[in-house]
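Dear colleague,

Please find the structure handed over below.

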Amino acid sequence: MNDNLKIIGTTSSAGGSFKDVKITGECKFAGDVNCEKMSLTGNANIAGNLHMKQMKITGEIALEGGLEGDSLRGQGEIKAASVKIDKLHLYGNLDVKGDCEGEKLQISGALSVAGLLSAEHLEIKLFGPSSAKEVGGSILTIKKSKTGRLLHMMKPTSKILFEAGLIEGDAIDLVNTKASMVRGERVIIGPDCEIETVEFRDTLEVHKHATVKHQVKI
């Protein structure tokens, strides 16, 4: 592992293994980056994978490969082929071409996951239209942010929805969600949800301003 990498301004790097990486400005990496810690204030482009233990972000990072690590927190935009992070706490946008998985994922903003979005504990506060092909985990909560509600009042034509094919978990609490199938132990379908089928093992609550076409106790 090399020494620390400190970048101020606009530059490029071949990539490699480092202890700490600190970027203030813009940096393009030509290959994979491995590090203990990364601190990003600005923009980073990586033409490969990023493997780190801890990361703080204020800005944007785009990867052609996967993003993997123990914890990531901050605000801005993340684009990656795949994401595998134990603890993710992000204010902003998350765009994943494949799967996104972790132990505890907290996202306040908008997200697009082309594959499976999975976490033991998933909490999404919607600021904008969001989607995932499938959602799986233990405790799954999707709600609308108060800020998002104000934005929605300003733009009555645009409805903020989270869309998915399948949502499956133990305890599920949804608002503003459109899905083909919701399957869980304890399920709460809140306002502005449009669900084709709900399969539940224990309890099901459906809000009066929600639509559920089929309810099946299994």
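Helices (H or I, at least four residues) and strands (E, at least two) are taken here as DSSP runs and are numbered from the N terminus. The model is a predicted one, in which local features need pLDDT of at least 70 and side-chain atom pairs count only at pLDDT 80 or more, while totals for chains, interfaces and linings use all residues. Residues are numbered from 1 along each chain as its sequence is written, and side-chain values use heavy atoms, with hydrogens and water left out.

The chain as a whole

The chain contains 1 helix and 12 strands, and their order along the sequence is β-β-β-β-β-β-β-β-α-β-β-β-β. The C-alpha trace spans about 60 × 40 × 20 Å along its principal axes. The radius of gyration, taken over C-alpha atoms, is compared with a globule rule of 2.2 Å times the number of residues to the power 0.38. For 218 residues a compact globule would have a value near 17 Å, and the 19 Å of the chain agrees with this.

Of the 218 residues, 44% are buried, where buried means under 20% relative accessible area, exposed over 50%, and partly exposed in between (1.4 Å probe, protein chains only). Contact means heavy atoms within 4.5 Å. Among contacts between residues at least 6 apart in sequence, 12% join residues at least 24 apart.

Residues in strands

Thr 24 belongs to strand β2 (residues 16-29). This residue is partly exposed, because its relative accessible area is 37%. The C-alpha atom of Thr 24 is separated by 6.3 Å from that of Leu 40, 16 residues apart along the chain. Apart from neighbours within four places in sequence, Thr 24 is in contact with Ile 7, Ile 8, Gly 9 and Thr 41.

Leu 116 is placed in strand β7 (residues 100-126). With a relative accessible area of 32%, Leu 116 is partly exposed. Its C-alpha atom and that of Ala 132, 16 residues apart along the chain, are separated by 6.7 Å. When neighbours within four places in sequence are left aside, the contacts of Leu 116 are Gly 98, Asp 99, Cys 100, Glu 134, Val 135 and Gly 136.

Ser 130 lies in strand β8 (residues 130-144). Its relative accessible area is 5%, so Ser 130 is buried. A polar atom of the Ser 130 side chain lies 3.0 Å from the backbone nitrogen of Leu 111. Not counting residues up to four places away in sequence, Ser 130 touches Gly 109, Ala 110, Leu 111, Leu 161, Phe 162 and Glu 163.

Residues in loops

Most residues other than glycine have a negative phi.

Asn 176, which is not a glycine, has a positive phi of about 45°. The residue is located in the loop between β9 (162-174) and β10 (177-189). Asn 176 counts as buried, because its relative accessibility is 5%.

Asp 192 is likewise a residue other than glycine with a positive phi, near 60°. Its place is in the loop between β10 and β11 (194-206). Is Asp 192 buried or partly exposed? At 35% relative accessibility, Asp 192 counts as partly exposed.

With kind regards

Conventions:
Polar contact = N/O pair within 3.5 Å; in protein donor to acceptor, adjacent residues only side chain to side chain.
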